[in-house]
Amino acid sequence: MKSLLALVLTVTTLHVYAQQVVTGNSQTESNAVVLNNKAGKLPIGRLADLRIASVHFNSKYTAVFDSIAGKYWSVTPINGDSVKDVNAFNNLHDALKWYNLVLIQLSDETDFSPALSAFIADLESTTDVVVVLNGAGSLLQRFNGITCPLIWNKQNNAETASLAAQVIFGGQGSVTRLASDYGGAFKKGSGFTTRKSRLGYGVPSMAGVTSNLPAQIDAIVDSGIRAHAAPAVVILVAKNGEVIFSKAYGKHTYDGSEVTKADDIFDMASVTKVTATTPTVMRLYDRKLISLDSPISKYVAATRAIEDKRDVKIKEALLHEAGFTPYIKFYEKLKPADLSRDSSAAFPTKVADHYFLRANYFKEVMWPVTLASKGNTRGQYVYSDVSMYMMKEVVEAVMHRPLNEFVQDEFYKPLGMQSTGFLPRNRFDRSRIVPTTENDNWMRNMLVQGYVNDPGSAMAGGVEGHAGLFSTANDLAIYYQMLLNKGEYGGERYFSEATVDLFTSRQSKTPSARGYGFVRVTDKEAAANPLYPSQQAFGHTGYTGTYVWVDPKYNLVYICLTNRTYPDDGKTYGVSPINIRTRVLDQVYRDLLGEKK
């Protein structure tokens, strides 16, 4: 028998399909039956504490299953093909002790030995188990004695493998019942209804868009890369709760060899504002821990003695109408003595590789400069990063926790956002993170990869209210689908419907038409194109080339991630005539409305 180390495959997300497989095929879906689910274990609810193993026994489409399952939560694939005798099954049983959920994939090609049956029965007595069985209905008779949930489909192909993974995690629901008797436990009419609670993975035709959409997106992105709009691009489109398009383009750098992948991690820049800071404000508002009409000075005492800041309200900061200065060039204050190539107690803040800032720099330099800054435009819309510096101070004062820890525990982990967070180099291999610049001309004069591009956030330690978050397209789609669902996802409620409506609807009386934190369609844009986006739409852009957009009228989530600031923020190639992120979104809308061009 092969060693157990040989059984465990490398724990990576398997990118089997650039285009998602068809999970909406009526014949495939109609044959998926959920059995033994009286306790309601499917779809899986809370994810954060799960350690999942996916064990397959001669299952031809296991790569598809594991790839789709991995979009919901981290899954360790284990190859059980060589496990044949009792001793080998006992060793496998012991190797699974670290996992509290085991997914077992079986097919009509599996060797259904007594040892395998005993293994499953033994495992389910101590661990949560879900069995996936694809093949002839007669195989069900072998499972009369098990009590764990079982998903059966008489077909055995890539589509049924994808569907099974989605049913387990709530990406698809199931209403089908057995059409015949299959042994003592599985009678005609058996089956349980499960509901859709998370994103599914389908194809454009499922959502009522044309099959030409992928080619149309390809053409826009490819032309943008050739025009040096960005070297790396990932596009994701979700419609009606289904990811109908997800594709990566280009390479991390124009001259490099690192091919862009769909789960690559990008610097979110100002998308941080609506994916980290604003949701934290929403949570505190939901819990009645803050009022939007309260002055910032209620929570940030340092502003109480400052005339132009002492009575500025939280809602004014969220609307960018607080009169704060737009942007502060903190890096201009740097002196040689503030920096070191080596880390130490005196220089703990890492802003890039071999680049460390002295201790307490934010407290002693950046924060006093922020407090002293002048804007003098209160009541007008003037976009300001200082607004979100202030909001970070507010929410941390109320939560008594750092912003990055709070959002990780309260939002990202429970939602299944596996790659989202601040300070990504502390958690992920550098190769997964797309570089933002080759030569940061502002302050670092070096490659910036895995450290926030924004100088102010970098100098503050990489965690700020306006920038510092890193994420992937799939993770962002999960979060924004939750907002599209009015605050609910995966069977959990993150915000009340009223709070989502309040923050994402128009709150500004200025032409900006902004919500609290969120960008919306301006009056001018609405007049120029009354068809789309809708007046309900909301989202945000990021300086590095990121874009998130939600349109409730069309039940649409759109994610575009690029590194448009590479290699040096337009200095080498100039400004590209092609804006990939807006052109692709425009094409998606045109397709939805049936326009031909």
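Contact here means heavy atoms within 4.5 Å. I am working from a predicted model, in which local features need pLDDT of at least 70, side-chain atom pairs count only at pLDDT 80 or more, and totals for chains, interfaces and linings use all residues. Residues are numbered from 1 along each chain as its sequence is written, and side-chain values use heavy atoms, with hydrogens and water left out.

**Entry 1: the whole chain**

I looked up contacts with a separation of 6 or more, and 67% of them in the protein are between residues 24 or more positions apart. I found 17 helices and 20 strands; helices (H or I, at least four residues) and strands (E, at least two) are DSSP runs, numbered from the N terminus. The radius of gyration, taken over C-alpha atoms, is 26 Å, close to the 25 Å from the globule rule for 597 residues, so the protein is as compact as a globular protein of that length. The globule rule is 2.2 Å times the number of residues to the power 0.38. I noted a C-alpha trace spanning about 80 × 55 × 50 Å along the principal axes. Of the 597 residues, 58% are buried (under 20% relative accessible area, with exposed over 50% and partly exposed in between, for a 1.4 Å probe and protein chains only).

**Entry 2: H8 and H12**

At what angle do H8 and H12 pack? Helix H8 (residues 271–286) and helix H12 (residues 403–415) pack at about 75 degrees, with axes 10 Å apart. Axes are lines fitted to C-alpha atoms, for helices over the stretch in contact, and angles run from 0 to 180 degrees between N-to-C directions. H8 is therefore roughly perpendicular to H12 (65 to 115 degrees; under 35 is roughly parallel, over 145 roughly antiparallel, the rest oblique). From H8, residues including Thr 275, Pro 279 and Arg 283 meet a set in H12 that includes Phe 406, Glu 410 and Tyr 412.

**Entry 3: H17**

I checked the length of helix H17 (residues 580–592): its 13 residues should span 18 Å at 1.5 Å a residue, and its end C-alpha atoms are 18 Å apart, which agrees. The expected span is 1.5 Å times one less than the number of residues. Among the buried residues of H17 are Ile 580, Arg 581, Tyr 589 and Asp 591. The buried residues pack against helix H7 (213–226) and strands E8, E18, E19 and E20. Just after H17, Gly 594 has a positive phi of about 80 degrees.

**Entry 4: Gly 491**

Gly 491 sits in the loop between strands E16 (488–489) and E17 (492–493). I read its relative accessible area as 41%, which means partly exposed. Beyond neighbours within four places in sequence, Gly 491 is in contact with Arg 195 and Ser 197.
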